[in-house]
Amino acid sequence: MKASQIRIVECGEFNLQRGVILKRKFEKLLQLVLKGERRDLSGILNLVLVDTEKMRELKERFFGKRESSDVMSFFYGEEEDQTWGEVIICIPVALEQAKVAGNSIDDEISLLFIHGLLHCLGYDDQEPQDLQVMSEKQEHYLNAFKKYLLFEKLINKALKQLDLSYAPYSGYRVASALLCTDGTIVTGVNVENASFGLSICAERVAVSKAVSMGKRDFEAIAIVSEKRDFCYPCGACLQVLTEFSPGIKVLVARSSEDFKVLGLEELLPHSFSLKQ
Ligand SMILES: O=c1ccn([C@H]2C[C@H](O)[C@@H](CO)O2)c(=O)[nH]1
Ligand SMILES: [Zn+2]
């Protein structure tokens, strides 16, 4: 499957802090929505950022009404490798709406992008029940996207710790980053010993650190190795993770963009338990 790409077009004058509109980020969001909607569109989607005046002009040209709007989109068709659609976001309106709704600017623009994209894919919001479907989908995709960004951050934290690994015997450096349910991230590295059997894995180091800080509930753990392979936790670490958080998500990562999300139910389906 060929991935859809985004072309960012800026048109007009507005003030947007750097990093809000990153091509790579929006391509991920696009990919997430297309996958969720089981649509396979290759080619380009234009993301057009406009000011209020430009939006009014476009609204008049295409809908005969000179009025401002937050987002507008067009679908051109499914021919391969063509520009298949366009999502136009009015940045000043988005900034204002973010303020009113108490959303972050990133979230507001992501929401508008998802909204426009869903229109491109055929969704409508004229009738209340259609609007309901669209709103639910928007929320679902925004949450999935935020989770993805959080996972990316967790993996980056782990990658930064690799240098601290003490692995002179195996030469296999591992680092982990454990996300606690209170939002804290606790890291770990493998610590080896001349008496080989005393070595401890990066995952158990992170869990022990966290527990000794009073944290016992974990949402996710990212594991990376210097070799940039998928480093799956060993059985001992899986058993230790099960002790505290059977629902934890295990992220095995080759990079912050290439990772798998696994559950303990598939990694250790029959864990040991004293409870019968
Ligand atoms: O998930 C794993 C797998 C291995 N290791 C460490 C243990 C040892 O120090 C080295 C080689 O096995 O890698 C970890 O830290 N985590
Ligand atoms: Zn282990």
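Mentor: Donors are N, O and S atoms within 2.8 Å of the metal (3.2 Å for Na, K and Ca); water is not among the atoms, so sites may look incomplete. This is a predicted model, where local features need pLDDT of at least 70, side-chain atom pairs count only at pLDDT 80 or more, and totals for chains, interfaces and linings use all residues. Residues are numbered from 1 along each chain as its sequence is written, chains are lettered from A and ligands numbered from 1 in the order in which they are written, and side-chain values use heavy atoms, without hydrogens and water.

Trainee: How are the donor residues of the zinc ion (ligand 2) spaced in sequence?

Mentor: The protein donors are the SG atoms of Cys201, Cys234 and Cys237. They lie 2.2 to 2.3 Å from the zinc ion. Their spacing is C-x32-C-x2-C.

Trainee: How many residues apart in sequence are the parts that Cys201 and Cys237 tie together?

Mentor: Helices (H or I, at least four residues) and strands (E, at least two) are DSSP runs, numbered from the N terminus. Cys201 sits in the loop between strand S6 (185-189) and helix H6 (202-212). Cys237 belongs to helix H7 (residues 235-244), so the pair joins parts whose separation in sequence is 36 residues.

Trainee: Is Cys237 buried or exposed?

Mentor: Buried means under 20% relative accessible area, exposed over 50%, partly exposed in between (1.4 Å probe, protein chains only). Cys201, at 22%, is partly exposed. Cys237 has a relative accessible area of 1%, so Cys237 is buried.

Trainee: Which residue just after H1 takes a positive phi?

Mentor: Helix H1 covers residues 23-36. Just after H1, a positive phi of about 50° is taken by Arg38.

Technical notes: The expected span of a helix is 1.5 Å times one less than its number of residues.
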